[in-house]
Amino acid sequence: MADAPFGLLAEVTHRCPLRCGYCSNPLELTRRAAELTTDQWRDVFDQARALGVLQVHLSGGEPLARKDITELAEHAAGLGCYVNLVTSGLGLTEARLAGVDHVQLSVQDATEAGSDAIGGVKAFRHKRKAAEVVRAAGLPLTVNAVLHRRNLDNVAALVELAEEWGAQRLELANTQYYGWALRNRSALLPTRAQLAQADAVVKAAKARSPMEIVHVVADYHDANPKPCMHGWGARQLTVAPDGAVLPCPAATVIEGLGLENVLDRPLAEIWHESRSFTAYRGTDWMREPCRSCPRKELDFGGCRCQAFQLTGDAANTDPVCSLSPHRPLVDEILGSRGEPDALRMRKVTL
């Protein structure tokens, strides 16, 4: 039997005021009418805590789009969970931080003009104000920036911005290509020179800054895949706005996975027994070259969603891996990158 999950990503809504072209949420977003009710989300948190979950990450979309977000945060906190609010900052007030232990605030670039252009709306000033609200409430703040071709040259300025906003932690995460990010991949893929320069900047910043800096590298350019979710169905689970339970946030891309819904089956049964969670748990499912690879307990074969998107079979080795027979697919994508396409913006869902 699998160990208890440590964290629950609660995607309470797909509604969002931003139009980011790197958004990894599904192209077909859950509509407001299909979202779980307040009582249904409370029940999800009850079940998650009974299962062993210790952290609840309130996310979306924009979780502040829900009028009941404070009720949900306070309920999760009352169960003894550590509550993290993952937000764009739009609509954040001190009153809406009740029950929240930590805030993760997104920013799209280091300047107002750049951030607003990438996000598709004038939001930068609201984000800066949100950082002030978090500081005034005495809560720890993480600033998160998704990196890509259009902002990767501004990493040094992003570090300075996070320091200016009083962040204890900065997450610099290179784009993962799902949803709109996959649709915009040719416009978002960085050059190898950009990545090398950014890596040098991050290393220097880590050496001088008291702020914790997490750097998620661009795996298309790497020889080894990342340990996606620390293994399929191992530590985390996601509940989508309509109650679908996912082993990882992008799992809807895998056709035929057989996702189940918390409205139809208890969360504990889905975690321990469902086909979707057991399909790629552990290492027995692996084929070569993963099966005999000494790294299989480190990277778990890489990303199942990426394997499906690029090869059509989620059981294949992540094509990012240099040992994968499908690695030429990634090299072809990198080699075909010329002048960047126009960035198509995700439609706003309110």
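Me: Let's start with F45: buried or exposed?
Reply: F45 is buried, at 1% relative accessibility. Buried means under 20% relative accessible area, exposed over 50% and partly exposed in between, using a 1.4 Å probe and protein chains only. Keep in mind that this is a predicted model: local features need pLDDT of at least 70, side-chain atom pairs count only at pLDDT 80 or more, and totals for chains, interfaces and linings use all residues. Residues are numbered from 1 along each chain as its sequence is written, and side-chain values use heavy atoms, with hydrogens and water left out.

Me: OK, and how many aromatic pairs are there?
Reply: Six. Rings of Phe, Tyr and Trp (its six-membered ring) pair if their centres lie within 6.5 Å; planes under 30 degrees apart are stacked, over 60 edge-to-face, and the rest tilted. W41 and F45 make a tilted pair, 5.8 Å centre to centre with 35° between the planes.

Me: Where do W41 and F45 sit relative to each other in the helix?
Reply: They're four residues apart in helix α1 (residues 38-51), so about one helical turn separates them. Helices here are DSSP runs (H or I, at least four residues) and strands are too (E, at least two), numbered from the N terminus. An α-helix has 3.6 residues a turn, so residues three or four places apart point the same way. W41 is buried as well, with a relative accessible area of 0%.

Me: Which residues do ring pairs link into a cluster?
Reply: W232, Y280 and W285.

Me: Switching to charges: which ring does the charged end of R183 sit over?
Reply: The ring of W180, 5.0 Å from its centre. R281 does likewise with W271, at 4.9 Å. The test is NZ of Lys or CZ of Arg within 6 Å of the ring centre and within 35 degrees of the ring normal.

Me: Now α2. Which of its residues are buried?
Reply: In α2 (residues 69-78), they are I69, T70, L72, A73 and A76. They're on the same side of α2, because they cover an arc of only 160° around the axis, taken from the directions from the helix axis to the C-beta atoms.

Me: And what covers them?
Reply: The cover includes α1, β2 (55-59) and β3 (82-87).

Me: Last one: what does L310 touch?
Reply: Leaving out residues up to four places away in sequence, L310 touches R185, Y220, P319, L329, V330 and I333; contact means heavy atoms within 4.5 Å. L310 lies in helix α12 (residues 304-311) and is buried at 18% relative accessible area.
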